[in-house]
Amino acid sequence: MTLRATLISIFALLLGAGALNLGMGLQASLLGVRAGMESFPTVLIGLIMSSYYAGFVVGSLNAAKLVNRVGHIRTFSAFASLTSAAVLLHAVFVNPWAWLGFRAVTGFCVAVLSLVTESWLNERASNLNRGTIISTYFVVTLGATALGQVLLMAAPPSGYQLFVLVSVVISVALVPVALTSSPMPELTPQERMPLKALFNVSPVGLIGSLGAGLIAGSFWGVGAVYGQHVGMTTPEIALFMTLVICGGVATQWPLGKLSDGIDRRYVIAGTTFGITLIAALFTFGGEDGGVQFYVLAALLGGLILPLYGIAIAHANDFLEPQDFVPASASLLLSYGIGAAIGPLAATVVMNFMGPYGLFFYMGVSALGIGLFTLYRMTRRREVPVSPEAETVPAMAPMPNTSAMIYEMDPRSEEQPEDEDAEDKAQSSGA
């Protein structure tokens with residue numbers, strides 16, 4: 001099948017994934033702004049946002065079992081409906097403890113929905129087009145997430161209209177996936193490399209993915225809350241969040257390409273120290289709005305969003321091809337754990353330092369990762385760069401993705417050489 005034909009065949013799946021991320025992108029910012037309007041305690045807002053990632057981690061661990069039990073179509077239909085209902089319940093029961101439960105249910109559902117969509121994409125991909133499909137998928141999902149921030153201006157956050165809009169968008173996501181004629185793939189249980197074993201193989205890879213979750217999770221969770229607390233209007237919050245995401249989209253390829261040519265730990269250290277510097281400018285700059293503020297927002301996103309993908313790439317440098325998917329599943333788990341901790345930890349700091357505590361927390365977290373990376377560089381030599389190595393698009397740190405996406409990476413199809421067979425062939429030849 002040609003690349004064009006493949007892209008046409010997965011158009012419905014990409015449309016569904018885009019709609020899902022559009023709704024989730026809008027809801028994340030909407031909940032932060034609305035929680036501030038309702039005068040929810042800052043720490044409790046962080047707990048609400050953290051519950052999404054906690055639910056997402058639990059959903060990721062159980063999604064394959066659910067899909068194998070009842071099938072892709074039924075699973076997607078059921079959990080899309082449940083997600084849509086959970087969104088509407090936020091508008092009916094405006095209570096922080098109720099929201100905590102609804103947000104956890106949403107995270108669980110999105111994990112299952114992502115697995116269904118990505119397993120279908122994996123079934124349609126081949127060794128010749130996996131890289132293109134991965135890139136297309138991330139462009140669609142990140143672009144939809146950014147567009148979701150813009151939709152924050154479609155209606156007043158104080159009303160129920162935006163909750164209805166999110167519910168409608170998620171319901172629409174059900175249609176193309178439910179009606180697709182693409183064959184349903186077979187799912188096998190996904191093995192995960194133990195975290196201790198992964199740390200022994202690549203300490204920087206594991207700590208880098210955990211730290212990426214701590215930093216990015218705090219931004220996704222309470223970035224809009226920060227904007228509201230410093231007096232930004234709804235359009236300004238939407239612009240701020242959108243520019244951060246767009247900055248991350250713009251730097252995915254350049255930083256991924258750079259890390260292919262030099263020791264990736266230099267890129268990880270440089271990225272984290274850059275985050276620390278920009279976070280310090282936000283923390284002590286004392287100005288919100290204006291060109292400089294929004295440029296810094298785009299630069300911050302350009303450093304935060306690629307960090308997870310570079311950490312994964314670094315870990316893979318020390319793995320055998322057959323360990324790539326199990327290790328990536330554990331790296332995703334570590335990212336999810338960090339993302340669940342991030343919003344709560346950031347709001348605790350904000351409770352003591354004010355809204356700028358968000359950036360102080362992000363800066364300190366990034367500094368810790370950078371210093372750990374420098375320490376590890378004194379303990380292990382860099383991996384030699386192979387001139388024949390194929391450049392593969394970096395995995396973006398998507399809040400709404402599953403371990404299935406890593407099976408689409410071309411490197412997971414590589415097989416180690418059978419040394420015994422090669423020795424036998426040479427013996428017979430002699």
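Q: How many aromatic pairs does the structure hold?
A: This is a predicted model. Rings of Phe, Tyr and Trp pair if their centres lie within 6.5 Å. On that basis the structure holds aromatic pairs numbering 16.

Q: Is the pair of Phe219 and Phe240 stacked, tilted or edge-to-face?
A: The ring centres of Phe219 and Phe240 are 6.1 Å apart. Their planes make an angle of 70°. Planes over 60 degrees apart count as edge-to-face. The pair of Phe219 and Phe240 is therefore edge-to-face.

Q: How many residues apart in sequence are the parts that Phe219 and Phe240 tie together?
A: Phe219 lies in helix H9. Phe240 lies in helix H10, residues 234-261. The pair therefore ties together parts whose separation in sequence is 21 residues.

Q: Are Phe219 and Phe240 buried or exposed?
A: Buried means under 20% relative accessible area. Phe219 falls in that class, and so does Phe240. Both residues are buried.

Q: What kind of aromatic pair do Tyr226 and Phe240 form?
A: The centres of Tyr226 and Phe240 lie 5.9 Å apart. The angle between the planes is 50°. Planes under 30 degrees apart count as stacked and over 60 as edge-to-face, with the rest as tilted. The pair of Tyr226 and Phe240 is therefore tilted.

Q: Which helices does the pair of Tyr226 and Phe240 link?
A: The two residues are 14 residues apart, and their pair links distant parts of the chain. Tyr226 is buried, as is Phe240.

Q: Which residues do ring pairs link into a cluster with Phe240?
A: Phe240 pairs with Phe219. Phe240 also pairs with Tyr226. Ring pairs link Phe240 into a cluster with Phe219, Trp220, Tyr226, Phe282, Phe293, Tyr294, Tyr356 and Phe359.

Q: Which residues of H10 meet H9?
A: H9 and H10 pack at an angle of about 145°, with axes 9 Å apart. Their crossing is right-handed. By class, the contact has nine nonpolar, three polar and no charged residues. From H9 come Phe219, Trp220, Gly223, Ala224, Tyr226, Gly227 and Gln228; they meet, in H10, Ile237, Phe240, Met241, Val244 and Ile245.

Q: How are H9 and H14 oriented to each other?
A: The axes of H9 (residues 203-229) and H14 (residues 324-353) come within 6 Å. They cross at roughly 40°. Angles under 35 degrees count as roughly parallel, and 65 to 115 as roughly perpendicular. H9 and H14 are therefore oblique.

Q: How many charged residues does the contact of H9 with H14 have?
A: The crossing of H9 and H14 is right-handed. The residues of the contact divide into 17 nonpolar and eleven polar.

Q: How are H3 and H14 oriented to each other?
A: The axes of H3 (residues 42-70) and H14 come within 8 Å. They cross at roughly 175°. Angles over 145 degrees count as roughly antiparallel. H3 and H14 are therefore roughly antiparallel.

Q: How many nonpolar residues does the contact of H3 with H14 have?
A: On the H3 side, the contact includes Val43, Leu47, Met49 and Tyr53. On the H14 side, it includes Leu333, Ile337, Pro343 and Met350. There are six polar and no charged residues, and the nonpolar number 16.

Q: Which residues does Leu151 touch, not counting those up to four places away in sequence?
A: Leu151 is in the loop between H6 (130-150) and H7 (161-179). With 23% relative accessibility, Leu151 counts as partly exposed. Leu151 and Gly25 are 126 residues apart in sequence, yet 9.2 Å apart in space, C-alpha to C-alpha. The residues touched by Leu151 are Leu22, Leu26, Leu162 and Leu165.

Q: Is Ser39 buried, partly exposed or exposed?
A: Ser39 is found in the loop between H2 (11-37) and H3. Its phi is near 60°, a positive value in a residue other than glycine. Relative accessibility is 60% for Ser39, which counts as exposed.

Technical notes: Residues numbered from 1 in each chain as written. Predicted model: local features only at pLDDT ≥ 70, side-chain atom pairs only at ≥ 80, totals over all residues. Heavy atoms only, no water. Axes fitted to C-alpha atoms, helices over the stretch in contact; angles between N-to-C directions. Helix = DSSP H or I, 4+ residues; strand = E, 2+ residues; numbered from the N terminus. Left-handed = near helix turned anticlockwise from the far one by under 90°. Nonpolar A, V, L, I, M, F, W, Y, C, P; charged D, E, K, R; others polar. Phe/Tyr/Trp six-rings, centres within 6.5 Å; stacked < 30°, edge-to-face > 60°. Buried < 20%, exposed > 50% of the residue type's maximum accessible area, 1.4 Å probe, protein only. Contact = heavy atoms within 4.5 Å.
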